[in-house]
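Welcome! Take a moment to look over the chain shown here, and then we can walk through it together, one question at a time.

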Amino acid sequence: MTMFKIVAFILGEEEYGLDIDYVQSIERIDQITRVPNAPSFVKGVFNLRGNVIPVIDLQGKLNLGQAKYTDKTRVIITKFEDIELGLIVDQTSDVIDVAPEALEAISSSGFDSDYFGGIAKIDGRLIILLKLAELMKAESN
């Protein structure tokens, strides 16, 4: 396995990462239209350059509490197969190269490991990698 890039972002006190191949863009939080009867973590839909994209509060989805929106809050627009999804995060940090040897599998330490693909240890930072496919699978059910 060769190096790959992740987009690192903050949720609450922790740093997370997504494979950059699935990230379309990073947007400021804009007008989100609420959807009736949606789970609490589904914030609604977002019109991005003519595309209507569902938006979820990633903190709520991962049971980390509710996001507090600030001027640093961003929506990461992701795409997996044909599905686009906006993920609200507290703040994006940077794009990082991850070497395979920096990855550590998540042991069964009580994590809901379906969503987590491992932990990257980079320059003293621990970045929890999210599996977008699993997050989306849960969305489309």
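## A guided look at the chain

In this predicted model, the elements follow the order β-β-β-β-β-β-α-β-β-β-β-β-β-α from the N terminus on.

Q: How many helices and how many strands are there in the chain?
A: The run of elements starts with β and ends with α. Counted by kind, the chain has two helices and 12 strands.

Q: What is the radius of gyration of the chain, and how does it stand beside the globule rule?
A: The C-alpha atoms fill a box of roughly 45 × 30 × 30 Å along the principal axes. For 141 residues the globule rule gives 14 Å, and the chain comes close to that, so it is as compact as a globular protein of that length. The radius of gyration of the chain is 15 Å.

Q: What percentage of the 141 residues of the chain count as buried?
A: A residue counts as buried when its relative accessible area is under 20%. The chain exposes about 8000 Å², with carbon and sulfur atoms supplying 47% of that area. Of the 141 residues, the buried part is 43%.

Q: Which strands stand at the edges of the open sheet of six strands?
A: The order of this open sheet is E9-E1-E2-E12-E11-E10, and its pairing is mixed. An edge strand has a single partner strand, so one side of it is left without a neighbour in the sheet. The two strands in that position are E9 (91-98) and E10 (103-104).

Q: In E9, which residue is the bridge partner of Phe-9?
A: Strand E1 covers residues 4-11 and runs antiparallel to E9, with six bridges joining the two. In E9, the partner of Phe-9 is Thr-92.

Q: Why is strand E7 largely enclosed by the rest of the structure, and how many of its residues are buried?
A: Strand E7 spans residues 74-80, which makes seven residues. It is largely enclosed because most of those seven are buried, and the number is six.

Q: Which residue in E7 stands opposite Arg-28?
A: Strand E3 (residues 23-28) and E7 run antiparallel and are joined by five bridges. Arg-28 stands opposite Arg-74.

Q: With which residue does Arg-125 form a salt bridge, and how far apart are the closest N and O atoms?
A: Arg-125 forms a salt bridge with Glu-15. The pair links distant parts of the chain, with Arg-125 in strand E12 (residues 125-130) and Glu-15 in strand E2 (residues 14-19), 110 residues apart. Arg-125 is partly exposed at 26% relative accessible area, while Glu-15 counts as buried at 13%. The partner is Glu-15, and the closest N and O atoms are 2.5 Å apart.

Q: Which residue is linked with Glu-15 and Arg-125 in a network of salt bridges?
A: The structure holds five salt bridges. Glu-15 and Arg-125 belong to a network, and the residue linked with them is Asp-94.

Q: Is Arg-49 buried or exposed?
A: Glu-27 forms a salt bridge with Arg-49, the closest N and O atoms being 3.1 Å apart. Glu-27 lies in strand E3 and Arg-49 in the loop between strand E5 (42-48) and strand E6 (51-57), so the pair ties together parts that are 22 residues apart in sequence. Glu-27 is buried, with a relative accessible area of 15%. Arg-49, at 67% relative accessibility, counts as exposed.

Q: What is the nearest side chain of opposite charge to Lys-43?
A: Lys-43 has its place in strand E5. Leaving out residues up to four places away in sequence, the residues that Lys-43 touches include Ile-32, Tyr-69 and Ile-88. A salt bridge needs the nitrogen and the carboxyl oxygen within 4 Å. Lys-43 is buried yet has no salt bridge, and the nearest side chain of opposite charge, 4.5 Å away, is Asp-57.

Note on methods:
Residues numbered from 1 in each chain as written. Predicted model: local features only at pLDDT ≥ 70, side-chain atom pairs only at ≥ 80, totals over all residues. Heavy atoms only, no water. Pairing = 2+ DSSP bridges. Helix = DSSP H or I, 4+ residues; strand = E, 2+ residues; numbered from the N terminus. Buried < 20%, exposed > 50% of the residue type's maximum accessible area, 1.4 Å probe, protein only. Lys, Arg positive; Asp, Glu negative; His and termini not counted. Contact = heavy atoms within 4.5 Å. Rg over C-alpha atoms; globule rule 2.2 N^0.38 Å. Areas by Shrake-Rupley, 256 points an atom, 1.4 Å probe, with all protein chains shown as cover.
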